[in-house]
Amino acid sequence: MRKTSLDTLPAEGGLGNEPLLAVDNLHVEFATRAGLVRAVNGVSYSLNPGETVAVLGESGSGKSVTAQAIMGILDMPPARIPQGEVRFRGTDLLKLSEEARTQVRGQRIAMIFQDALSALNPVFTVGWQISEMFRVHRGMSKRDGMKKAVELMDKVRIPAAKQRINDYPHQFSGGMRQRIMIAMSIALDPEVLIADEPTTALDVTVQAQIMELLAELQRESNMGMILITHDLGVVADVADKIAVMYGGRIVENASVHDIYKSPAHPYTKGLLESIPRVDLKGQELYAIKGLPPNLLDMPTGCAFHPRCPYRQDNCVTDVPPLHEISGTRNSACHYWREVLDGDQR
Ligand code: SF4
C-alpha cells in the first residue's frame with residue numbers, strides 16, 4: 001500500500017462538507033491462536049469541531065479498538081485492518097507513513113486513557129512528564145517547558161500547581177492523576193480528543209468534576225471529542241450524538257435527545273433501563289440478561305438475539321442491516337418500529 005506523507009494533511013481551517021474526523025466502514029481483526037477475532041465490523045461515525053460523540057458499549061464491543069485504530073496504536077500484527085478509512089480533515093490516516101502518523105498522534109489527535117496510574121510514568125515527576133510534550137514537540141527549553149506545565153496544571157485545576165510540579169504520580173489522588181493526564185493530552189492543542197472511559201476508576205463526585213472539566217476545555221478550544229464509555233448515565237449532559245456498539249458493530253446511532261426520549265434498539269433500551277434512578281429507589285435495578293457475545297463464536301443472525309426480549313424467529317438467521325430511521329438516526333434491528341413505539345415485550 002502506498003503511504004502518504006504528512007504534507008498531504010490539510011492544516012486547520014475550513015472543512016467544507018468533510019467532517020473533522022470520519023471513521024468509514026472500519027474493520028479490525030486479530031489473528032489469535034484460537035482463531036480470527038473480528039473485533040470491529042464495518043463501523044462508521046463522524047465528528048465535527050466542538051462536537052462530542054459518545055461511543056457506548058460493554059467491554060468487548062469494539063469501541064476501544066476503534067479508538068486505537070484512529071490513534072494508530074494497534075499492534076499490527078496481530079491486529080489487521082482489512083477494510084475501511086479513518087479520515088482526518090479528509091486525509092485517510094491509515095494511508096499515512098508511520099512518521100506522519102506520529103506527527104498527528106498527540107499533536108492533532110490526542111487520547112486520555114482509562115487508567116492514569118499506568119499511563120503515567122511512575123519514575124518521573126508530573127512536571128517533567130507534562131513539560132516533555134513541549135520539549136519534544138515544540139523544542140522548548142526545560143525551564144520554559146516547566147512553566148507551561150504549571151500553567152496547564154492550573155488550567156486543569158490542580159491545587160498549588162507550582163508547589164506540586166516536582167511530585168510523582170503516586171503522590172496524587174485518582175482524580176488528580178486523571179487531571180494530569182488531561183493536562184498532557186491538551187498540551188499541544190489537539191483538534192480531536194479521544195477520552196477512553198476517563199472516569200471509570202473514579203467515584204461519582206470526582207466523575208462529575210472530570211466530565212465538567214472536559215466539557216469546559218472543549219468549549220474553550222472547540223476541539224471535537226470522542227467519549228468512550230460503558231455508562232449511558234455519564235453522557236447525557238456532555239454528548240451531542242451517541243453511537244451504541246455491540247459485538248463490533250454500531251447497532252444504533254442518534255442524537256442524545258432521541259436516544260433518551262425513545263431508543264430504537266432493544267440493547268440501547270436495556271442500557272437506559274439499567275441507569276439507577278432516584279425515583280425508583282428501593283426497586284431492583286434492571287440488568288440486561290446474559291453476557292456479551294464471544295467474538296470467536298458470534299451468534300447467528302442478530303448478535304443480540306440470545307439476550308433480546310423482542311426476538312422473533314428471523315432474528316436468529318438474518319443479520320439486521322443498519323436501517324435509516326431519519327437523516328440522523330439509524331438502528332440495526334428488524335423490529336426498530338416496535339421498540340420505538342414502546343410496544344411491551
Ligand atoms: Fe432483538 Fe431481533 Fe432486533 Fe436483534 S433484530 S435486536 S434480536 S428484535
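Some ground rules. Residues are numbered from 1 along each chain as its sequence is written, and side-chain values use heavy atoms, with hydrogens and water left out. Because the model is predicted, local features need pLDDT of at least 70 and side-chain atom pairs count only at pLDDT 80 or more, while totals for chains, interfaces and linings use all residues.

Start with the whole chain. How many helices and strands does the chain have? It has 11 helices and 12 strands. Both are DSSP runs, numbered from the N terminus: helices are H or I with at least four residues, strands are E with at least two.

Now the overall dimensions. Along the principal axes, the C-alpha atoms fill a box of roughly 70 × 55 × 45 Å.

Next, burial. Buried means under 20% relative accessible area, exposed means over 50%, and partly exposed is in between (1.4 Å probe, protein chains only). Of the 345 residues, 49% count as buried.

Then contacts, meaning heavy atoms within 4.5 Å. Take contacts between residues at least 6 apart in sequence: 65% of them join residues at least 24 apart.

Let's look at H1. Among the buried ones are Lys63, Val65 and Met71. Just after H1 comes Gly72, with a positive phi of about 75°.

Keep going along the chain. Where is Pro77 found? Pro77 is in the loop between H1 and strand S4, which is 79-88. Pro78 is in the loop between H1 and S4 too. A cis peptide bond joins Met76 and Pro77, with omega about -10°. Another cis peptide bond joins Pro77 and Pro78, with omega about 15°.

Two residues other than glycine also take a positive phi. Asn25 has phi near 50°. Asn25 lies in strand S1, residues 21-32. It counts as partly exposed because its relative accessibility is 32%. Arg157 has phi near 60°. Arg157 is in the loop between helix H5 (142-155) and helix H6 (161-164). Its relative accessible area is 41%, so Arg157 is partly exposed.

One more residue: Ser46, in strand S2, residues 35-47. Is Ser46 buried or partly exposed? Partly exposed, because its relative accessible area is 26%. Leaving aside neighbours within four places in sequence, Ser46 is in contact with Pro19, Leu21, Ala22, Glu51, Val53 and Lys241. Ser46 and Val86 are 40 residues apart in sequence, yet 9.6 Å apart in space, C-alpha to C-alpha.

Last, the ligand. Which residues surround the ligand? Among them are His265, Pro266, Cys302, Phe304, Cys333, His334 and Tyr335.

Conventions: A residue is near a molecule or strand if one of its heavy atoms lies within 4 Å of it.
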